[in-house]
Amino acid sequence: MFTVRKADQSGMDARVQISRIFAEGFSQWLGYFSKDQERIARAFAHMFNLDQFYVAVAGDKVVGMAACTDGTSLSVKLNKKELREHLGFYKGSLAYMFLKKEFETPLANPSPVKCSIEFVGTASEYRGQGVGSLIIGHILEATPYREFLIEEVADTNIPAMKQDSPKESRKNRH
C-alpha cells in the first residue's frame with residue numbers, strides 16, 4: 001500500500017507535502033508563530049534538505065516522512081528571510097532565532113556508522129497504519145548505519161513511545 005523512497009528521488013515535489021505533514025504534526029510547538037497550518041507549512045517548506053529525507057508514498061501523495069542524517073549534513077536549514085516573509089518580521093525572526101539551534105544542531109561525534117533519525121511524521125489520515133514504522137524500518141535496512149539515534153519523540157505520539165527504539169529493534173533482529 002505504501003512505498004518508501006528518498007524524497008529527492010520521489011519523482012514529485014515532495015517538499016510541499018512534507019511541509020504540510022510537518023505543520024500538522026508539530027503544530028502544538030509552532031502554534032505561537034501561527035495557528036494557520038497552511039501558513040506554517042509555507043513558512044517552513046524551504047528548510048527541508050530532500051536528500052536527507054525518506055517519504056512513504058501512496059499513489060501521488062506523501063503520507064509520511066523521516067530524515068536520516070550522518071551528522072555531517074543537516075536535514076533542515078532555516079532561512080530567516082523566508083520565515084519573515086510568511087510569519088512577519090517579528091515572529092519570523094523569533095522562529096529563526098529559537099528554532100535554528102533546535103533544528104540545526106549537528107550530530108555529536110559524527111561517524112560513518114552512526115546516524116540520527118529526525119522529523120518523523122505521518123499525515124493525520126494515515127496515522128495508526130504503520131507508516132512511521134515502515135519508514136524507520138526502511139532506513140534501518142537501506143542505509144549503511146549500525147547506530148541509530150532518535151533524540152526526541154513528541155509526547156503526543158503515544159504509539160511511538162511504546163515501541164522499541166530502532167536501535168533496539170535492529171539489535172533484536174540480528
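**Exercise 1.** In the protein chain, in which helix is confidence lowest, and in which is it highest?

*Solution.* The model is predicted, and each residue carries a confidence score, the pLDDT. Next, turn to the helices. Confidence is lowest in helix H8 (residues 166-173), with a mean of 38, and highest in H4, with 98. Finally, consider the sequence around H8. Residues 164-174 have a pLDDT below 50, and this stretch has 13 contacts in the model beyond near neighbours in sequence.

**Exercise 2.** Determine how the axes of H3 and H4 are arranged, and identify the residues that form the contact.

*Solution.* Two packed helices are described by the angle between their axes and the distance between the axes. For H3 and H4, the angle is about 160° and the axes are 8 Å apart. Angles over 145 degrees count as roughly antiparallel, and therefore H3 is roughly antiparallel to H4. The crossing of the two helices is right-handed. On the H3 side, the contact is made by Arg 39, Ile 40, Arg 42, Ala 43 and Phe 44; on the H4 side, by Glu 82, Leu 83, His 86 and Leu 87. Sorted by class, the contact of H3 with H4 comprises five nonpolar, one polar and three charged residues.

**Exercise 3.** Classify the crossing of H4 and H5, and describe the contact between them.

*Solution.* Helix H4 covers residues 80-87 and helix H5 covers residues 89-103. Their axes come within 7 Å and cross at roughly 140°. H4 is therefore oblique to H5. As to handedness, H4 and H5 cross in a right-handed manner. From H4, Lys 80, Leu 83, Arg 84 and Leu 87 take part; they meet Phe 89, Lys 91, Gly 92, Ser 93, Ala 95 and Tyr 96 of H5. The classes in the contact of H4 with H5 are five nonpolar, two polar and three charged residues.

**Exercise 4.** How many salt bridges does the count come to, and which parts of the chain does the pair Arg 20 and Glu 38 link?

*Solution.* The rule requires a side-chain nitrogen of Lys or Arg within 4 Å of a carboxyl oxygen of Asp or Glu. The count comes to five salt bridges. One of them joins the side chains of Arg 20 and Glu 38, at 2.9 Å from N to O. Arg 20 lies in helix H1 (residues 14-25) and Glu 38 in helix H3 (residues 37-44), so that the pair, 18 residues apart, links distant parts of the chain.

Definitions and conventions
Residues numbered from 1 in each chain as written. Predicted model: local features only at pLDDT ≥ 70, side-chain atom pairs only at ≥ 80, totals over all residues. Heavy atoms only, no water. Axes fitted to C-alpha atoms, helices over the stretch in contact; angles between N-to-C directions. Helix = DSSP H or I, 4+ residues; strand = E, 2+ residues; numbered from the N terminus. Parallel < 35°, antiparallel > 145°, perpendicular 65-115°, else oblique. Left-handed = near helix turned anticlockwise from the far one by under 90°. Contact = heavy atoms within 4.5 Å. Nonpolar A, V, L, I, M, F, W, Y, C, P; charged D, E, K, R; others polar. pLDDT = per-residue confidence, 0-100.
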